[in-house]
Amino acid sequence: MKILLIHSDYIEYEPKERTKFAEDCDVNRIRVDECLVSFISVERGDSEVVDRAVEEIEDVARKLNVDKIVVYPYAHLSSNLADPDTAVLILKEIEKKLKNNFYVQRAPFGWYKSFKISCKGHPLSELSRSIVVEESDVTQALKVEEEVVSYWFILTPKGELVDVDSFDFTGYEKLVKFVRYEMEKRRAVDRVPPHVELMRRLEIADYEPASDSGHLRYYPKGRLIKSLLEEFVTLKCLEYGAMEVETPIMYDRNHSTLRRYLERFPARQYIIKGDKRDFFLRFAACFGQFLIAHDSVITYKNLPLKIYELTRYSFRKEQRGELVGLRRLRAFTMPDMHTIVRDIEQAKQEFLNQFKLAVEVLSEIGLNPDDYEVAIRVTREFYKEHRDFIHSLARILDKPILIEMWDQRFFYFVLKFEFNFVDALDKASALSTVQIDVENAERYDISYVDEKGEKKRPLILHCSLSGAIERCMYALLEKAYMQAEKGILPMFPVWLSPTQVRIIPVSERYLDRVIEVAEDLKGRKIRVDVDDRDETLGKKVRDASREWIPYIAVMGEEEVKGGFLTVTVRAESTLKQQKKVRMSLDELAERIVKECEGKPFKPLPLPMLLSQRPSFR
RNA sequence: GCCACGGUAGCUCAGCUGGCAGAGCGUUGCCUUGGUAAGGCAAAGGUCGCGGGUUCAAAUCCCGCCCGUGGCUCCA
């Protein structure tokens, strides 16, 4: 809403000619003396700002000490006008509210009017106000969340459900940390998280000050790692039987179905102004996939039906203080798979399959069950009805898991699991997760046809097999850091290492031969580079080690003559003792190829010769 | 959004009881041609976050703002 306020000696106006939106009125000349004239343009969405507008006008009127207010519809203050019907309603409402405390004259809407006005000309006599709709980015679900009462238990692999306070946590150090983190939601760390320093030092990712907070830049090495993870998780979903789709990243804010869904999802959105409509940026792939499902003809023969998308990106406008490095971002990449199932039995079966698949995916990425803790969140009702099923989940990984139970269903799901990574600062964050959604098939009007030809409502599973890709990178970095603290040399899995082999010539004399060897390895789909810089051998070895390169091959006279490589194997070395192995080129190549079996491959994302590389920071 | 801390060379940081802008690393050049965690010498490199104020004089003191990190909050 745009308001122009004029403190006037008088205003005189007279309706002259109707427009097609004209409201009925007496076409008399009106004069009001000693008044505040409010020229108002009602804009789209202004029904929410009436009270604030009234407050503003009253506030000015009081300051000027006037008791008469003229409400004057004036379209020319805005290029984003509300429709006339709404505008009249809003103006009338303003009139009504102002009348509580003032004498109010409202000029008729929809007329060409002549007017004369006399402005007093003191400093406060001409004011303008622009009242915008406050983006209520706090959804209903966010508010509800504050009221949720949780009951906490530990479920043992033997199937005992123990109250959290009576569980003996001896031997379950990480679980304690996780439970504390979940329940107390309090910690006192005053450090930059280790992975933040690592992601920068290793030239993986960095903050981008020119963007919004929580949007990172990825350097070639980071892009490579991210891209391999993206491809890997995608392939896992496709192998599992999912159909890959691609859906828009922004949606109409006023779409009735989506609007209701937004209300149920506790996340803040980015709002984008379009030509005519406002859009929000997706925070997951649910919308796009549900809308596809809504328009699809699905029969019982198609179930379970799996749809998959890698969201690059999902957007969540987290509060500033919530953002951390790769752990929590405003733009992140998430594999998002939805499974449409016919009933609760099929839902349970898929839930179980996906639980197991998530374990497998994380372990291939380099995160073992020791690295995360399992949480199950469930309504009391669902727990009672499916106790055996839920207990069976604890047996899969053979470790106690945290159960959070609610008396009522506050959210759209009845059951979910999460694998939570506990980092070097004892903070937990969710990686893989699957939820059984009992609400959205209805909301999106998704149905399938059963054996009898009847339309039925399915259930929907939400699954992120690995969790956000960035978060996997965060977990790998944090894990490496924690291992380094224990004296283990930190590294990435070989298939994710940007450089898998670095070859270092003992002197420039051997460079040509070294490049030949490197080209050979490169031809075998191995990421190999060559340190051709004018530095000492010691320095080059040190630098390679600081880059966590799994295989460092040194070539000098001996190697060239003998036709072998002297390889420092990082995985078998310690801080004190390097493990050096004599290997043939074939042996090294075979070893690496084997270690990367079944994983995607991408070539070295940088020039092979180190001397040709820029330093990105 | 609130609280705390921070922003000085490409990076990490010192200087901050006001008085010539500093170090290490990196970069460039030269020497060095080497056998497994930093070889030597030299040079280049600055809007001290931005704006205002105090002062003869401000990186330093004061005010405002911006950005970052941490904590709170939040984390489907």
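The legends below describe close-up views of a predicted model.

Residues are numbered from 1 along each chain as its sequence is written, and chains are lettered from A and ligands numbered from 1 in the order in which they are written. Because the model is predicted, local features need pLDDT of at least 70 and side-chain atom pairs count only at pLDDT 80 or more, while totals for chains, interfaces and linings use all residues; side-chain values use heavy atoms, with hydrogens and water left out.

**View 1. Domains of chain A.** The domain assignment gives domain 1 (2-130), domain 2 (149-477) and domain 3 (494-611); such bounds come from an automatic or database domain assignment. Between the C-alpha centres of domain 1 and domain 2 the distance is 51 Å.

**View 2. Helix H9 and its two ends.** Helices (H or I, at least four residues) and strands (E, at least two) are DSSP runs, numbered from the N terminus. H9 covers residues 344-365, 22 residues in total, and spans 31 Å from its first C-alpha to its last, close to the expected 32 Å. The expected span is 1.5 Å times one less than the number of residues. At the start of H9, a side-chain oxygen of Asp343 comes to within 3.2 Å of the backbone nitrogen of Glu345. After H9 comes Gly366, with a positive phi near 120°.

**View 3. The largest nonpolar core.** A nonpolar core is a set of buried Ala, Val, Leu, Ile, Met, Phe, Trp, Tyr and Cys residues joined through side-chain atoms within 4.5 Å. Buried means under 20% relative accessible area, exposed over 50%, and partly exposed in between (1.4 Å probe, protein chains only). The largest core has 129 residues, and those with the most contacts inside it are Ile376, Ile390, Leu415, Val501, Ile503 and Leu521. Its largest share, ten residues, comes from H9. Domain 2 (149-477) and domain 3 (494-611) both contribute residues, so this core lies between them. In soluble globular proteins, nonpolar side chains tend to be buried together.

**View 4. Surroundings of Ile390.** Contact means heavy atoms within 4.5 Å. Apart from neighbours within four places in sequence, Ile390 is in contact with Leu155, Ile376, Val378, Phe382, Tyr383, Ile403 and Leu415. A second, separate core has 29 residues, including Val66, Val71, Val88 and Val104.

**View 5. Gln105 in strand S4.** Gln105 belongs to strand S4 (residues 103-106). Its relative accessible area is 18%, so Gln105 is buried. The side chains of Gln105 and Tyr103 are joined by a polar contact of 2.9 Å. A polar contact is a pair of N or O atoms within 3.5 Å; within protein, one must be able to donate a hydrogen and the other to accept it, and residues adjacent in sequence count only if both atoms are side-chain atoms. Leaving aside neighbours within four places in sequence, the residues in contact with Gln105 are Tyr13, Ile30, Val32, Ile69, Val70 and Val71.

View 6. Rings of Phe, Tyr and Trp (its six-membered ring) pair if their centres lie within 6.5 Å; planes under 30 degrees apart count as stacked, over 60 as edge-to-face and the rest as tilted. The count by this rule is 30 aromatic pairs. Tyr13 and Tyr72 form an edge-to-face pair, 5.6 Å centre to centre with 85° between the planes. This pair links distant parts of the chain, with Tyr13 in strand S1 (residues 2-18) and Tyr72 in strand S3 (residues 68-73), 59 residues apart. Both Tyr13 and Tyr72 are buried. One aromatic cluster is formed by Phe351, Phe355, Tyr372, Phe389, Phe417 and Phe419.

**View 7. The loop that holds Gln500.** Gln500 sits in the loop between helix H13 (469-485) and strand S24 (501-505). Its relative accessibility is 1%, so Gln500 counts as buried. A polar atom of the Gln500 side chain lies 3.0 Å from the backbone oxygen of Val494. Beyond four places in sequence, the residues that Gln500 touches include Trp495, Lys525, Tyr551 and Phe601.

View 8. Most residues other than glycine have a negative phi, and most peptide bonds are trans. Leu303 and Pro304 are joined by a cis peptide bond with omega about -10°. Another cis peptide bond joins Arg312 and Tyr313, with omega about 10°; Tyr313 lies in strand S15. Asp398, not a glycine, has a positive phi of about 55°, and at 57% relative accessibility Asp398 counts as exposed.
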